[in-house]
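Subject: Structure handover

Hi,

Here is the structure I promised to pass on. Please open it alongside this note. What I found follows below.

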Amino acid sequence: MTCEFISGGVTAAAGFLAGTACAAIKKKDKRDIAVVYSTVPAAAAGVFTLNLVKAAPVLVSMKRVAGGRAQAVVVNSGNANACNGEQGMRDALAMAAEAAGVLGIPEEYVLVASTGVIGQKMPMDRVLPGIREAAGRVSAGGGHLAAQAIMTTDTYPKEAAVRLELGGKTVTVGGMAKGSGMIHPNMATLLCFFTTDAAISPACLGQALKYAVDRSFNMITVDGDTSTNDMAVILANGLAGNEPIEGGGPDYEAFRDALGEVCTRLAVAVARDGEGATRLIQVEVLNAATEEDARLAARAVAGSSLVKAAVFGRDANWGRVICAAGYSGASFDPEKVDIFLGDVQVARDGGSLDFSEERALEVLGGDTVRIVLDFKTGSCHATAWGCDLSYDYVKINAAYRT
């Protein structure tokens, strides 16, 4: 089965609404509160940061997702509500309660997410009225504004949606994400919210989400920092009317792959929008002995500060590429590796060869720089995405709070 991309994002699927508000958490005139709501209770699943330091909203949402049901998500940007102790937990619970009261649903059916500066108290005198406003104006047309409201240093909103047929029924999967800095997900300040009108059990939904995230969001990196607030959650309300997916099979695989398409598009958008980035880096490892070897190597190359700096400087320094693969933990024979920058082969069997520096310079000046490593030891492959490391990354993060 195949799926097609359609316009829309987190409210593309039937029965999902979104509302936003300006609560002056970030700036006075910027949307910074979003509420996403399903008109009926939904199956829920999520993956969350593996950072030992977890923000209060992550802890709340982890507990609630474990129950397998949810109906809404309330999100704020501008403040991470991380490292705020018991007060942070009270504030996260109060955010959920406020949204639940307006929407008329149980508090435990509301998930919470926050993104922004770590270690600052939540301005609840502005947050709660903002939630009331956002929850009170949810609509099917609110998805695009919601994608804007969750941004921090992002330069543009990130949303995607696909449509597919399952058992003769049209199913939609949509989503939105935010992320630009502190991006090195290890999920099993990146936030992703997915919605679908598919009928699917919480267990299958969780399996599909983990599979998709492992091959998309867990394969991107901007700066090597794993946030305290990373989460990806999905709600499935079943309004498409398909035969419920309760286990493996063609319908499950089709749904899983469609979700993967949405995840990959959003993940690449996050990598492309890395703080200060001028180019997207796509690293492909081919013919590895195992998928894990391919994933380890691809992610290490994409995350190497030296590789990222070389791409920014348009320097065809392939030694940095093989060096990063070598410390990645992947198993391969260094004397078999071929390396390409776009269509230019810059190394053969782990050694140098003559190549056109002029053509390599052109490749490195493109909007997307493709780096390929052929291990020539098996049949497995993986792709990772990152961005170059520019002077502006330092400028942005040297004054993030101010």
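This is a predicted model: local features need pLDDT of at least 70, side-chain atom pairs count only at pLDDT 80 or more; totals for chains, interfaces and linings use all residues.

Which side chain meets that of Glu291 in a salt bridge? The partner is Arg215. The N to O distance in this pair is 3.5 Å.

Now the overall layout. The chain splits into two domains: domain 1 spans 4-273, and domain 2 spans 280-399. Their centres, taken over C-alpha atoms, are 32 Å apart. Each domain brings 18 residues to the contact.

Next, the interface itself. The size of an interface is often given as the accessible area lost when the parts come together. Between domain 1 and domain 2, the buried area is about 1500 Å². Carbon and sulfur atoms give 54% of that area.

The polar side of the contact comes next. Two salt bridges are counted between domain 1 and domain 2. Five residue pairs are in polar contact between the two domains, with both residues at pLDDT 80 or more. On the side of domain 1 that touches domain 2, helix H6 (residues 250-272) gives the largest share, with four residues. By type, that side of domain 1 holds six nonpolar, seven polar and five charged residues.

One annotation to look at. The unreviewed UniProt entry labels residues 33-53 as "transmembrane region". What is the helix and strand content of that span in the model? Residues 33-53 are 0% helix and 76% strand. The end C-alpha atoms of the span lie 24 Å apart.

Best wishes

Methods: Residues are numbered from 1 along each chain as its sequence is written. Side-chain values use heavy atoms; hydrogens and water are left out. Domain bounds come from an automatic or database domain assignment. Contact means heavy atoms within 4.5 Å. Buried area is the accessible area (1.4 Å probe) that two parts lose on being put together, summed over both. A salt bridge is a side-chain nitrogen of Lys or Arg within 4 Å of a carboxyl oxygen of Asp or Glu. A polar contact is a pair of N or O atoms within 3.5 Å; within protein, one must be able to donate a hydrogen and the other to accept it, and residues adjacent in sequence count only if both atoms are side-chain atoms. Helices (H or I, at least four residues) and strands (E, at least two) are DSSP runs, numbered from the N terminus. Ala, Val, Leu, Ile, Met, Phe, Trp, Tyr, Cys and Pro count as nonpolar, Asp, Glu, Lys and Arg as charged, and the others, Gly among them, as polar. UniProt positions are given in the numbering used here, feature names are shortened, and annotations may be inferred rather than shown by experiment.
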